[in-house]
Amino acid sequence: MPELPEVEVVRAGLERHVVGARVVGVDVLHPRPLRRDARGPEGFAAALTGRTIAGARRRGKYLWLPLDDGDALLAHLGMSGQMLVQPGDAVPEKHLRVRLRLEGAADARNLHFVDQRMFGGLSLSEGGAALPAEIAHIARDPLDPDFDEDEFAARVRRRASGIKRQLLDQNLVSGVGNIYADEALWRAGIHGERPGERLTRTQVLALLGHAREVMTDALAQGGTSFDALYVNVNGESGYFDRSLHAYGRADEPCDRCGTAIRRVPFMNRSSYFCPACQPVPRRRRVMTAGTAPLD
DNA sequence: AGGGGATCCTGTTTGC
DNA sequence: TGCAAACAGGATCCCC
(Lines give C-alpha, C1' and ligand atoms only; values in the text may rest on other atoms or scores of the structure.)
Protein backbone atom coordinates (compact mmCIF):
# COMPACT_ATOMS: atom_id res chain seq x y z
CA MET A 1 0.00 0.00 0.00
CA PRO A 2 1.69 3.13 -1.14
CA GLU A 3 2.27 5.63 1.61
CA LEU A 4 4.72 8.50 1.43
CA PRO A 5 7.97 6.50 1.00
CA GLU A 6 6.60 4.38 -1.82
CA VAL A 7 5.15 7.40 -3.60
CA GLU A 8 8.47 9.20 -3.27
CA VAL A 9 10.25 6.28 -4.92
CA VAL A 10 7.78 6.51 -7.80
CA ARG A 11 8.25 10.27 -8.04
CA ALA A 12 12.01 9.95 -8.23
CA GLY A 13 11.70 7.29 -10.91
CA LEU A 14 9.37 9.45 -12.97
CA GLU A 15 11.73 12.38 -12.64
CA ARG A 16 14.49 10.23 -14.01
CA HIS A 17 12.63 8.55 -16.84
CA VAL A 18 9.84 10.73 -18.20
CA VAL A 19 10.75 14.39 -17.65
CA GLY A 20 11.24 16.00 -21.04
CA ALA A 21 8.99 13.51 -22.81
CA ARG A 22 6.06 14.58 -24.94
CA VAL A 23 2.71 12.81 -24.74
CA VAL A 24 1.85 11.74 -28.28
CA GLY A 25 -1.16 9.61 -27.41
CA VAL A 26 -3.33 8.47 -24.50
CA ASP A 27 -5.09 5.11 -24.36
CA VAL A 28 -7.82 4.84 -21.75
CA LEU A 29 -8.55 1.18 -21.02
CA HIS A 30 -10.86 1.83 -18.07
CA PRO A 31 -12.77 5.05 -17.34
CA ARG A 32 -12.82 4.79 -13.56
CA PRO A 33 -9.31 6.11 -12.82
CA LEU A 34 -10.29 9.29 -14.67
CA ARG A 35 -13.43 9.91 -12.61
CA ARG A 36 -11.87 12.99 -11.00
CA ASP A 37 -11.39 14.66 -14.36
CA ALA A 38 -14.45 16.63 -15.43
CA ARG A 39 -13.48 16.28 -19.09
CA GLY A 40 -14.24 12.59 -19.02
CA PRO A 41 -11.97 9.89 -20.41
CA GLU A 42 -12.03 11.11 -24.01
CA GLY A 43 -11.62 14.74 -23.01
CA PHE A 44 -8.74 13.85 -20.73
CA ALA A 45 -6.98 11.95 -23.48
CA ALA A 46 -7.46 14.73 -26.00
CA ALA A 47 -6.37 17.45 -23.59
CA LEU A 48 -3.21 15.67 -22.48
CA THR A 49 -2.04 14.74 -25.95
CA GLY A 50 0.72 16.98 -27.22
CA ARG A 51 1.87 18.23 -23.81
CA THR A 52 5.43 17.90 -22.56
CA ILE A 53 6.27 16.68 -19.07
CA ALA A 54 8.42 19.24 -17.27
CA GLY A 55 8.92 17.74 -13.81
CA ALA A 56 7.81 15.33 -11.11
CA ARG A 57 6.59 16.57 -7.75
CA ARG A 58 4.91 15.17 -4.66
CA ARG A 59 2.96 16.21 -1.61
CA GLY A 60 2.05 13.46 0.83
CA LYS A 61 0.69 10.58 -1.25
CA TYR A 62 -0.16 12.72 -4.28
CA LEU A 63 2.22 13.23 -7.12
CA TRP A 64 1.98 15.46 -10.14
CA LEU A 65 3.84 16.01 -13.35
CA PRO A 66 4.02 19.73 -14.19
CA LEU A 67 3.50 20.27 -17.91
CA ASP A 68 5.35 22.84 -19.98
CA ASP A 69 2.30 25.13 -20.19
CA GLY A 70 1.64 25.49 -16.46
CA ASP A 71 -0.95 22.72 -16.16
CA ALA A 72 -0.17 19.40 -14.47
CA LEU A 73 -1.00 15.73 -14.62
CA LEU A 74 -2.14 14.86 -11.12
CA ALA A 75 -1.94 11.28 -9.89
CA HIS A 76 -2.85 9.28 -6.83
CA LEU A 77 -1.95 5.61 -6.48
CA GLY A 78 -4.78 4.74 -4.10
CA MET A 79 -4.01 1.37 -2.59
CA SER A 80 -2.87 -0.60 -5.57
CA GLY A 81 -1.74 1.91 -8.17
CA GLN A 82 1.53 1.63 -10.05
CA MET A 83 3.31 3.85 -12.53
CA LEU A 84 5.36 1.70 -14.86
CA VAL A 85 7.73 2.98 -17.49
CA GLN A 86 7.55 0.39 -20.25
CA PRO A 87 8.90 -0.11 -23.76
CA GLY A 88 6.49 0.60 -26.58
CA ASP A 89 5.94 -3.05 -27.39
CA ALA A 90 5.27 -4.13 -23.81
CA VAL A 91 2.53 -6.66 -23.21
CA PRO A 92 -0.29 -4.81 -21.40
CA GLU A 93 -0.49 -5.61 -17.71
CA LYS A 94 -3.64 -7.33 -16.50
CA HIS A 95 -4.79 -4.17 -14.72
CA LEU A 96 -3.46 -1.58 -17.12
CA ARG A 97 -5.95 1.30 -16.99
CA VAL A 98 -4.30 4.22 -18.80
CA ARG A 99 -1.31 4.29 -21.12
CA LEU A 100 0.54 7.48 -22.05
CA ARG A 101 2.54 7.08 -25.23
CA LEU A 102 5.70 9.15 -24.87
CA GLU A 103 8.30 10.51 -27.21
CA GLY A 104 11.33 12.69 -27.00
CA ALA A 105 12.86 12.07 -23.59
CA ALA A 106 16.34 10.63 -23.31
CA ASP A 107 14.88 7.18 -22.89
CA ALA A 108 11.33 7.76 -24.02
CA ARG A 109 9.02 4.88 -23.32
CA ASN A 110 5.42 4.57 -22.41
CA LEU A 111 3.99 5.36 -19.01
CA HIS A 112 1.47 2.81 -17.75
CA PHE A 113 -0.99 3.55 -14.97
CA VAL A 114 -1.80 0.11 -13.56
CA ASP A 115 -4.33 -0.18 -10.73
CA GLN A 116 -6.08 -3.33 -9.65
CA ARG A 117 -8.58 -1.84 -7.21
CA MET A 118 -8.89 1.57 -8.83
CA PHE A 119 -9.00 3.69 -5.71
CA GLY A 120 -6.34 5.74 -7.43
CA GLY A 121 -6.62 7.91 -10.50
CA LEU A 122 -5.31 10.56 -12.85
CA SER A 123 -6.57 14.01 -13.77
CA LEU A 124 -5.40 17.03 -15.68
CA SER A 125 -5.10 20.02 -13.37
CA GLU A 126 -5.43 23.44 -14.95
CA GLY A 127 -2.66 25.75 -13.78
CA GLY A 128 -1.53 23.09 -11.34
CA ALA A 129 2.18 23.01 -12.12
CA ALA A 130 3.24 24.61 -8.82
CA LEU A 131 0.53 22.98 -6.69
CA PRO A 132 -2.73 21.60 -8.13
CA ALA A 133 -5.77 23.36 -6.68
CA GLU A 134 -7.37 19.95 -6.23
CA ILE A 135 -4.88 19.14 -3.47
CA ALA A 136 -4.53 22.58 -1.90
CA HIS A 137 -6.27 21.18 1.18
CA ILE A 138 -3.63 18.47 1.65
CA ALA A 139 -1.21 19.39 4.43
CA ARG A 140 2.52 19.32 3.96
CA ASP A 141 4.16 16.02 4.88
CA PRO A 142 6.69 15.46 7.67
CA LEU A 143 9.58 15.30 5.21
CA ASP A 144 8.70 18.73 3.80
CA PRO A 145 11.22 21.30 5.14
CA ASP A 146 8.36 23.78 5.49
CA PHE A 147 6.23 21.49 7.63
CA ASP A 148 5.08 23.51 10.65
CA GLU A 149 5.53 21.32 13.71
CA ASP A 150 4.21 23.88 16.17
CA GLU A 151 1.00 24.34 14.25
CA PHE A 152 0.58 20.57 13.91
CA ALA A 153 0.97 20.04 17.65
CA ALA A 154 -1.41 22.88 18.42
CA ARG A 155 -4.09 21.57 16.08
CA VAL A 156 -3.82 18.00 17.35
CA ARG A 157 -4.16 19.21 20.91
CA ARG A 158 -7.29 21.16 20.11
CA ARG A 159 -9.16 18.04 19.01
CA ALA A 160 -10.77 15.30 21.03
CA SER A 161 -10.39 12.85 18.17
CA GLY A 162 -8.06 9.88 18.65
CA ILE A 163 -4.45 10.49 17.71
CA LYS A 164 -4.36 7.73 15.07
CA ARG A 165 -7.33 9.17 13.24
CA GLN A 166 -5.59 12.53 13.34
CA LEU A 167 -2.35 11.05 11.98
CA LEU A 168 -4.36 9.72 9.04
CA ASP A 169 -6.11 13.06 8.45
CA GLN A 170 -4.36 14.41 5.37
CA ASN A 171 -5.52 17.92 6.26
CA LEU A 172 -3.32 17.84 9.37
CA VAL A 173 -0.30 15.97 8.10
CA SER A 174 -0.02 14.11 4.83
CA GLY A 175 1.73 10.96 3.71
CA VAL A 176 0.99 8.83 6.77
CA GLY A 177 -1.15 5.75 6.16
CA ASN A 178 -2.35 2.89 8.31
CA ILE A 179 0.97 1.03 8.36
CA TYR A 180 3.27 3.90 9.28
CA ALA A 181 0.72 5.30 11.72
CA ASP A 182 0.79 2.04 13.69
CA GLU A 183 4.57 1.91 13.52
CA ALA A 184 5.02 5.50 14.68
CA LEU A 185 2.58 4.95 17.56
CA TRP A 186 4.41 1.77 18.57
CA ARG A 187 7.75 3.56 18.56
CA ALA A 188 6.28 6.42 20.58
CA GLY A 189 4.53 4.10 23.03
CA ILE A 190 1.20 5.82 22.48
CA HIS A 191 -2.15 4.15 21.93
CA GLY A 192 -3.96 5.32 18.79
CA GLU A 193 -7.19 5.96 20.65
CA ARG A 194 -5.64 8.51 22.98
CA PRO A 195 -7.50 11.76 22.38
CA GLY A 196 -5.27 14.41 20.84
CA GLU A 197 -6.33 16.89 23.49
CA ARG A 198 -4.93 14.62 26.20
CA LEU A 199 -1.42 14.48 24.76
CA THR A 200 1.31 16.89 25.72
CA ARG A 201 3.03 19.00 23.11
CA THR A 202 6.19 17.00 23.77
CA GLN A 203 4.38 13.73 23.11
CA VAL A 204 2.90 14.99 19.84
CA LEU A 205 6.28 16.22 18.64
CA ALA A 206 7.95 12.95 19.62
CA LEU A 207 5.29 11.00 17.75
CA LEU A 208 5.80 13.17 14.69
CA GLY A 209 9.51 12.54 14.93
CA HIS A 210 8.88 8.79 14.96
CA ALA A 211 6.61 9.08 11.94
CA ARG A 212 9.32 10.96 10.10
CA GLU A 213 11.91 8.41 11.13
CA VAL A 214 9.94 5.33 10.15
CA MET A 215 9.19 6.83 6.74
CA THR A 216 12.79 7.90 6.23
CA ASP A 217 13.94 4.36 7.04
CA ALA A 218 11.46 2.90 4.57
CA LEU A 219 12.53 5.38 1.93
CA ALA A 220 16.16 4.42 2.40
CA GLN A 221 15.30 0.78 1.73
CA GLY A 222 12.85 1.41 -1.11
CA GLY A 223 15.39 3.75 -2.63
CA THR A 224 17.37 0.84 -3.99
CA SER A 225 14.93 0.69 -6.90
CA PHE A 226 15.82 4.22 -8.05
CA ASP A 227 18.10 2.82 -10.70
CA ALA A 228 15.64 0.26 -11.96
CA LEU A 229 14.41 0.72 -15.47
CA TYR A 230 10.82 0.38 -14.37
CA VAL A 231 9.27 2.72 -11.90
CA ASN A 232 7.47 0.31 -9.67
CA VAL A 233 5.60 0.31 -6.45
CA ASN A 234 3.54 -2.47 -5.02
CA GLY A 235 4.25 -2.26 -1.32
CA GLU A 236 6.87 -4.99 -1.48
CA SER A 237 9.87 -2.82 -0.74
CA GLY A 238 11.30 -5.43 1.61
CA TYR A 239 10.82 -2.99 4.42
CA PHE A 240 7.67 -4.73 5.49
CA ASP A 241 9.33 -8.06 6.13
CA ARG A 242 12.22 -6.80 8.19
CA SER A 243 11.32 -3.68 10.02
CA LEU A 244 7.71 -3.65 11.13
CA HIS A 245 7.19 -3.85 14.86
CA ALA A 246 3.42 -3.62 15.09
CA TYR A 247 1.58 -3.66 11.77
CA GLY A 248 0.38 -7.10 10.72
CA ARG A 249 1.91 -8.78 13.76
CA ALA A 250 -1.20 -9.86 15.67
CA ASP A 251 -0.42 -12.39 18.44
CA GLU A 252 3.33 -12.14 17.85
CA PRO A 253 5.54 -10.96 20.74
CA CYS A 254 6.29 -7.26 20.98
CA ASP A 255 9.92 -6.62 20.01
CA ARG A 256 10.30 -4.41 23.07
CA CYS A 257 8.56 -6.27 25.88
CA GLY A 258 7.37 -9.64 24.57
CA THR A 259 3.68 -9.01 25.16
CA ALA A 260 1.47 -10.32 22.35
CA ILE A 261 0.63 -7.65 19.78
CA ARG A 262 -3.10 -7.05 19.54
CA ARG A 263 -5.23 -6.38 16.51
CA VAL A 264 -8.45 -4.38 16.81
CA PRO A 265 -10.90 -3.12 14.16
CA PHE A 266 -10.42 0.52 13.23
CA MET A 267 -12.14 2.49 10.45
CA ASN A 268 -13.04 -0.64 8.49
CA ARG A 269 -9.46 -1.87 8.71
CA SER A 270 -7.15 -2.83 11.55
CA SER A 271 -4.95 -1.32 14.20
CA TYR A 272 -2.04 -3.20 15.73
CA PHE A 273 -0.50 -2.22 19.02
CA CYS A 274 1.30 -3.57 22.07
CA PRO A 275 -1.13 -3.46 25.01
CA ALA A 276 1.76 -3.12 27.47
CA CYS A 277 3.87 -0.46 25.71
CA GLN A 278 0.82 1.38 24.40
CA PRO A 279 -1.77 1.18 27.15
CA VAL A 280 -5.39 1.59 26.14
CA PRO A 281 -6.58 4.95 27.41
CA ARG A 282 -8.98 4.78 30.29
CA ARG A 283 -12.41 5.78 29.25
CA ARG A 284 -13.72 8.86 30.87
CA ARG A 285 -16.70 8.13 33.05
CA VAL A 286 -19.84 7.82 31.01
CA MET A 287 -23.33 8.34 32.45
CA THR A 288 -25.16 5.05 32.45
CA ALA A 289 -28.91 4.69 32.27
CA GLY A 290 -29.23 4.06 35.95
CA THR A 291 -27.03 6.90 37.10
CA ALA A 292 -28.78 9.89 38.54
CA PRO A 293 -27.60 13.17 37.03
CA LEU A 294 -25.79 15.53 39.32
CA ASP A 295 -27.83 18.42 40.55
C1' DA B 1 -18.07 22.06 13.60
C1' DG B 2 -16.21 18.11 14.84
C1' DG B 3 -16.62 13.21 15.27
C1' DG B 4 -17.20 8.81 13.48
C1' DG B 5 -18.88 5.54 10.43
C1' DA B 6 -20.00 4.04 5.54
C1' DT B 7 -18.59 3.69 0.85
C1' DC B 8 -16.07 2.73 -3.31
C1' DC B 9 -13.16 -1.37 -5.80
C1' DT B 10 -11.22 -6.29 -6.86
C1' DG B 11 -8.45 -10.21 -5.76
C1' DT B 12 -6.96 -13.20 -2.14
C1' DT B 13 -7.59 -15.54 2.11
C1' DT B 14 -10.32 -17.62 5.54
C1' DG B 15 -14.22 -20.18 7.32
C1' DC B 16 -18.14 -23.10 7.37
C1' DT C 1 -15.10 -29.12 -2.77
C1' DG C 2 -17.58 -24.89 -3.08
C1' DC C 3 -19.33 -20.83 -1.98
C1' DA C 4 -19.66 -16.82 0.91
C1' DA C 5 -17.82 -13.73 3.98
C1' DA C 6 -13.86 -11.28 5.58
C1' DC C 7 -10.03 -8.55 4.53
C1' DA C 8 -6.88 -5.10 2.46
C1' DG C 9 -7.33 0.54 2.82
C1' DG C 10 -6.91 6.20 0.93
C1' DA C 11 -9.95 9.60 0.37
C1' DT C 12 -14.46 11.30 0.39
C1' DC C 13 -19.10 11.61 1.72
C1' DC C 14 -22.84 11.77 4.92
C1' DC C 15 -25.28 11.93 9.14
C1' DC C 16 -25.59 13.22 13.93
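Modeller: Strand 10 (residues 269-273) gives the largest share of the surface near DNA strand C, 3 residues. The model is predicted, so to speak of local features requires pLDDT of at least 70, side-chain atom pairs count only at pLDDT 80 or more, and totals for chains, interfaces and linings use all residues. Residues are numbered from 1 along each chain as its sequence is written, chains are lettered from A and ligands numbered from 1 in the order in which they are written, and side-chain values use heavy atoms, with hydrogens and water left out.

In total, 18 residues surround DNA strand C, and the closest are His76, Met79, Arg117, Phe119 and Tyr247. By type, the residues of this surface divide into 6 nonpolar, 7 polar and 5 charged. In that division Ala, Val, Leu, Ile, Met, Phe, Trp, Tyr, Cys and Pro count as nonpolar, Asp, Glu, Lys and Arg as charged, and the others, Gly among them, as polar. On the DNA side, 59% of the atoms of DNA strand C within 4 Å of the protein belong to sugar or phosphate, and the rest to bases.

Several polar contacts (pairs of N or O atoms within 3.5 Å; within protein, one must be able to donate a hydrogen and the other to accept it, and residues adjacent in sequence count only if both atoms are side-chain atoms) can be listed. For DNA strand C, a polar side-chain atom of His76 is 2.2 Å from a phosphate oxygen.

Around DNA strand B lie Arg32, His95, Gln116, Arg117, Met118, Phe119, Arg159, Ala160, Ser161, Arg165 and Asn268. These divide into 3 nonpolar, 4 polar and 4 charged. Sugar or phosphate accounts for 55% of the atoms of DNA strand B within 4 Å of the protein, and bases for the rest. Backbone atoms take part here: an N or O atom of the Ala160 backbone lies 2.6 Å from a phosphate oxygen of DNA strand B, and a polar backbone atom of Ser161 lies 3.2 Å from a phosphate oxygen of DNA strand B. From the side chain of Gln116, an N or O atom is 3.1 Å from a sugar or linking oxygen of DNA strand B.

An unreviewed UniProt entry annotates His95, Arg117 and Arg159 as "binding site"; such positions are given in the numbering used here, feature names are shortened, and annotations may be inferred rather than shown by experiment. His95 sits in the loop between strand 5 (81-86) and strand 6 (96-103). Leaving out residues up to four places away in sequence, His95 touches Phe113, Val114, Asp115 and Gln116, where contact means heavy atoms within 4.5 Å. Its relative accessible area is 24%, so His95 is partly exposed, the class between buried (under 20%) and exposed (over 50%), with a 1.4 Å probe and protein chains only.

Arg159 is in the loop between helix 3 (149-158) and helix 4 (163-167). Arg159 also counts as partly exposed, because its relative accessibility is 34%. With residues up to four places away in sequence again left out, Arg159 touches Gln166, Asp169, Leu172, Pro195, Gly196 and Glu197.

Technical notes
Near = heavy atom within 4 Å. Helix = DSSP H or I, 4+ residues; strand = E, 2+ residues; numbered from the N terminus.
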